[in-house]
Structure formats: structure tokens, C-alpha cells
Protein chains: 2
Amino acid sequence: MRTIDWVPADGPGPGHIRMVDQTRLPDTFAELRISTVDQLVDAIQRLSVRGAPALGVAGAMGVALAVQTLPTDEVRTAVDRLRAARPTAANLALGVDLAWAQAQRGGGSAALDAALAMRDEDIAGCRAMAARGAELLSQLLPDRPRLRVLTICNTGALAAVEHGTALSVIERLHDEGRLDRALVCETRPLLQGARLTAWELSRMGARYELIVDSAAASIMAGGGVDAVLVGADRIAANGDTANKIGTFALALAAAHAGVPFLVVAPETTVDTATASGADIEIEDRGADEVRAFRGVPTAPADAPVRNPAFDVTPAALITAIVTDRRVVDLTAHQTPAGRSVNVGPSLNEEEA
Amino acid sequence: MRTIDWVPADGPGPGHIRMVDQTRLPDTFAELRISTVDQLVDAIQRLSVRGAPALGVAGAMGVALAVQTLPTDEVRTAVDRLRAARPTAANLALGVDLAWAQAQRGGGSAALDAALAMRDEDIAGCRAMAARGAELLSQLLPDRPRLRVLTICNTGALAAVEHGTALSVIERLHDEGRLDRALVCETRPLLQGARLTAWELSRMGARYELIVDSAAASIMAGGGVDAVLVGADRIAANGDTANKIGTFALALAAAHAGVPFLVVAPETTVDTATASGADIEIEDRGADEVRAFRGVPTAPADAPVRNPAFDVTPAALITAIVTDRRVVDLTAHQTPAGRSVNVGPSLNEEEA
């Protein structure tokens, strides 16, 4: 399954974007046919497409659509509108900028080529993470032919193009007959685990169990988990990792239970300009997500809420970081005085 | 506010039970007038009344109702039906048995006296826990005039009669001007924290913030919490404590952050017949609670779910257990080789 793809026209004329409408999951699997920039902006704003890699590809394909379908004097405005469709989504702007630079040199076909290259790189990168992660688990747990792995949020194809990050490792284990089961944290407040990851695992025929987030620690302590696999929103130079709220609690529980804790994320997530997790600002997403779910109140209507979207897991609690280019073994770098690993400058330490 | 109480008749004839209808919280505050055993059984089964102490009092008052309102030959059947209204609620059966024993000796007025004594003992016990807990926090945190405390589930008046267990300590802090704020875990899957504890804190005018359960650990690590206060479903002889799922994860995070972790529960919760947490069986409450909330799907309809209702927090992670009769300081009993405290036999070690 590709979350987003380009469909060439049958004859002459522009093609279109095909994407899974994630707003309708898990109830309904439906795909959108996006033929105009207006439709794409609407799809992005309604969160029909989400996830950094998918948004990057969407932005680049949108530039191709703009150049191929609009009068020349309207293209620039459309591209700007697309770029601003979700202001905090850095990858959307990056994808738009990259394709727009190509479009100015080589027109619509150059923009499309850039978008397709971005799509293919994402697919290849996810495959590389899947292979490295699965191989690392063999090394860490040589006596476990079938693994019980725990994950949080959605790090699957729905956040990328064809595979994902942490979930691509689980998919690989499943494909290789090495998955006993995946334990999926539902991931409050927006329930991406329950809605999206459960749906993806079901679709791939993998055995899984959905749990409330707060059950993960005791299940780990009871010996029910062999490894924890999570994605990342940002990885600081010292290996501290910002990810979905709840990730830090999982890392604490994994350390307590002696369970390997792996971060799986593309190399682009490593931000060497950020020295440590202390420099990462945590966004508060406001009260509405916690006070109600799909319009059903879950708390008093005026309940004050603290809703941090992310937390920071210190490198000391991370066993390894797996990217599309390498495995950073953080346990090997740990010193009694604290964390001294620097993820940034070791980029050429390719280990896989 | 009393969650449940007995209202004497204006003139001759039986009185009735008045109880908060918890099924309508937090949207609506409404009280039920219960004049028959049938109404009471229905209220218990619909979870209009819940929480061990409140159910015990409900059972005892129900026996008084039965004896006072039914023909003699129907009383026994009604009492049996009441006793079985929620088979897993041990306190309901205990309350029924206690009042029924009195009824057989002294009739309806003796049953009612027993019920009112149980009500008054619960109120006094909660007050004692509140006082001991608040005093202990002064001793543990002498340099913090105002405390930020974190709690899970509902341990307030709604689970008892007039006060509660852990939440009664928070109420006491608030009354004494020592509460900076309470952080309330929403408590998936049934959201008792979001629905009930938030409502109680709001009603008492206490400052609070609602959080998703998985945010607690990182807020603690960030220095945002001075103490964690939780209730208990069962306390084993060695101090291991079974409580709402998620409690163990909070204890881990508290230990990591160096935050005191207090269990507040009535002495009746201590089960000396259970040697340790390993002997406590954890009930799985099935998939429906996790797959949907108030009828709104939160996951694929056929998602496999693991839904443990409770977890066990080892005594080693508990700072102290506060009951209506004593404070058991577990840190003082800790040995490097592990836990050696025995909560049971030290019953006469009254410390407060």
C-alpha cells in the first residue's frame, strides 16, 4: 500500500495524486483522487494526509500539479498557498521548495521528477530502516526466534509513503515470520495507535494487541515484551529524542524491565543544531483534544488541561538509534558520568 | 457532599436513600431517590454508585430498605438479590451481610443503625487518612508551602461517602491553603480521572490540570510534581499494592524523578492473606472499553485488545502507605536485598 502516489494520465495531459483518506480510518478505507492544488490544500488541512515524509512528497507533487494544470500567472500563488497549508509542517515546505526549484529550471516534468525521486527515496529509506532494525533485533535477542514488540503512535506507511519507520521494522519481522505479536499503545489523546497502527497491522495480517498507554509499563515488568520500537520527531546531537507524548514513560519502563528500546527514524530527523533534549521546546496542543473525542465529552467542558504533544527521552534510556543510513549504538557510548555520545559528528560511522 | 446517604421519613414509615447519579457526571449533577430494593439494585448495576466503601454502605442501607418496605416473606429474596447485584464487589456483599445479621436480631431499625454506623465510620476513616496524609507530606516536603500533587483514577467522595482516600488528602491540602495544584491523570480506559476526579476538584474549588496518563512521567521528570497520591484496591502483606492500571508506571516515574509516592487506602484494603503482589490475579476487562468510548469507536471494531484493569506496584517503589489507622513508612523498612516489610503483623505499630 502506498499512502500517497502519483498516477500518470492515460493519455496526454497531467496526471493526478492518489492518497489514502486518513480521516476516514479505521472505519473506512477510501482513496482520494487529487487533480487540483485546491483539492490538495483541502486534503492537507483536513489531515487526510499526515506524517512528515508523506507531507513532503505531497508538497512536491502539488507543485507538479500546479505547473501542469494552472495558467502560468497563477502558479506562484498556488505554490505559496500549498506551502502554507500547514505552517508547522516543515517537510511540506521543504517538499514544495525542492520541487519549485526544479520547476523553475525544467517546468512541470522536472517538478514531477523531483517529487517522484522524493517518493522513491522515502520508500528506499524506510526499507533500509526495516532491514537494519530487524537485523539489530537478531543481534540483541539471538535466542528469541519470535518477538513480542511494543510500539506507540503511528510510524507506519500512513505517516510515510509505502512503509514507515518503527512500524516498518515490525512489518519486516512479520514478513520474516519473526513476529510473535505487536503490542500497540492506543496513544492518547489522538489515538493514532488505536486508529492507524492497529489498522495497518490488521491490513498486513500481523498479530497484535491494542492496549491503553498506561498498561505498557506493567506488561513490560511482567515479561510480556521483548523490545520497544518507537519513531522520533527530533533527535538531538547527544541522542536525546523527542517523540510522541508517552515515549519517555515507555523508555523508563523498558529500562526497568531490561528490554531493548530502539528509536527508528530517518537521518533527516537528526538535528545536530540541537545540543540536547533540554533545548527542545515542547508544544502544548491545548485542551480540546483531551476534553472530548470525536465530539463526545470525556471531561467537564471547562476542565483545565495540560497537553504536551511530545516528550524527550534521554539518550541514556535508548539502546540504539536506527536510521536509513546507520545504527547508533548508544549503550556502547554510555559513560558513568552521563551521556557523551554525539550523534551528529559520527555520521560517517556507518555500522550496518 | 455525600455520595450516598440515608434520608429519614418526615413522618412515620421508612426513609429513603439519596445518592449522586454518577452515570450522569460530569455533564449533569443529579441525585437519585431510592425507595425500593429494586431501584437500588438497578442503580448499583448501572454504576450510579461505585467504589468499595460506597457500595458497602449502599448494601447495608438496602437491607434496611428491604426490611422496612417489604412483606416479611419477600425480604430474604430481596436481600440475596441485592447482595448479588455486582458479584465482584466484595464490599457490597460485606455491607449486606453486616446489616442482615443485625436485621435478624433487631429488625429494620437495627439494620439501619448498622448502615449508619458504616457510613459514619467511612467518613471518619477518610478524615483520618486526609489528616495523616497531609501531615506526612509536611514531614516529607518541609520546604514546600504549596504542593503540586499528581493522582490517578477517582479516589474521592464519589468512591466513598463524604470524602475519599487519596483525593481526601488533596482536599485537605486545598482546605489548608497548601495545594498549588492537582495534576489529574484521565485514567483510560474508563476515564474516571477525567470524568469524576476533575469534577470533584472543580466542585471543591481546587486548582487542577487534567493530563493524558502518558504525560505524567515526563511532567514528573521535568520537576512539575512534588508528590504522587494514589488509592489501592488491595495491599499485600509485603506492601505490594494493586491499583488502577497505570499506577505502576507512575511509581516508576516518581522513583526516577525522586518524588514521594504515597498509597492512601483504608485498613480494610490490607490483605495479609496475600503474601506479595505476585499472588494477586489481574482481571482483564475485555475489549469493549478500549475499542470505543460512549459508543464512539476509537479503534477498528475487531481490534484484539489486552485490557488489564489493575497493576501491581512493588513496595520498593512506594514511599509510604497511609491508612485510617497508621502510616507505614516503607522506605524505613527497605533493605538492599529487597523488600522485607510486612504490613500485616505491624498493625499495632500505630505511628500517627
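How many residues does the contact take from chain B and from chain A? The contact takes 45 residues from each of the two, chain B and chain A, contact meaning heavy atoms within 4.5 Å. The model is predicted, so local features need pLDDT of at least 70 and side-chain atom pairs count only at pLDDT 80 or more, whereas totals for chains, interfaces and linings use all residues. Residues are numbered from 1 along each chain as its sequence is written, chains are lettered from A and ligands numbered from 1 in the order in which they are written, and side-chain values use heavy atoms, with hydrogens and water left out.

**Figure 1. The interface of chain B and chain A.** About 3800 Å² is buried between chain B and chain A, 68% of it given by carbon and sulfur atoms; buried area is the accessible area (1.4 Å probe) that two parts lose on being put together, summed over both. On the side of chain B, the residues that lose the most area to chain A are B:L210, B:S214 and B:R306, together 17% of what that side buries.

**Figure 2. Salt bridges between the chains.** Four salt bridges are counted between chain B and chain A, each a side-chain nitrogen of Lys or Arg within 4 Å of a carboxyl oxygen of Asp or Glu. A:R306 and B:E209 meet through their side chains in a salt bridge, at 2.7 Å from N to O. Helix 8 of chain B provides the largest share of the side that touches chain A, five residues; helices (H or I, at least four residues) are DSSP runs, as are strands (E, at least two), numbered from the N terminus.

**Figure 3. The nonpolar cores.** A nonpolar core is a set of buried Ala, Val, Leu, Ile, Met, Phe, Trp, Tyr and Cys residues joined through side-chain atoms within 4.5 Å; buried means under 20% relative accessible area, exposed over 50%, and partly exposed in between (1.4 Å probe, protein chains only). The largest core has 148 residues, and A:L150 and B:L150 have the most contacts inside it. Helix 8 (residues 247-257) of chain A gives the most to this core, seven residues. Beyond its neighbours within four places in sequence, B:L150 is in contact with residues including B:L183, B:I211, B:M220 and B:L250.

**Figure 4. The surroundings of B:F29.** B:F29 lies in the loop between strand 2 (16-20) and strand 3 (31-34) of chain B. B:F29 counts as partly exposed because its relative accessibility is 35%. Residues up to four places away in sequence aside, B:F29 touches B:M1, B:V20, B:W199 and B:R203.
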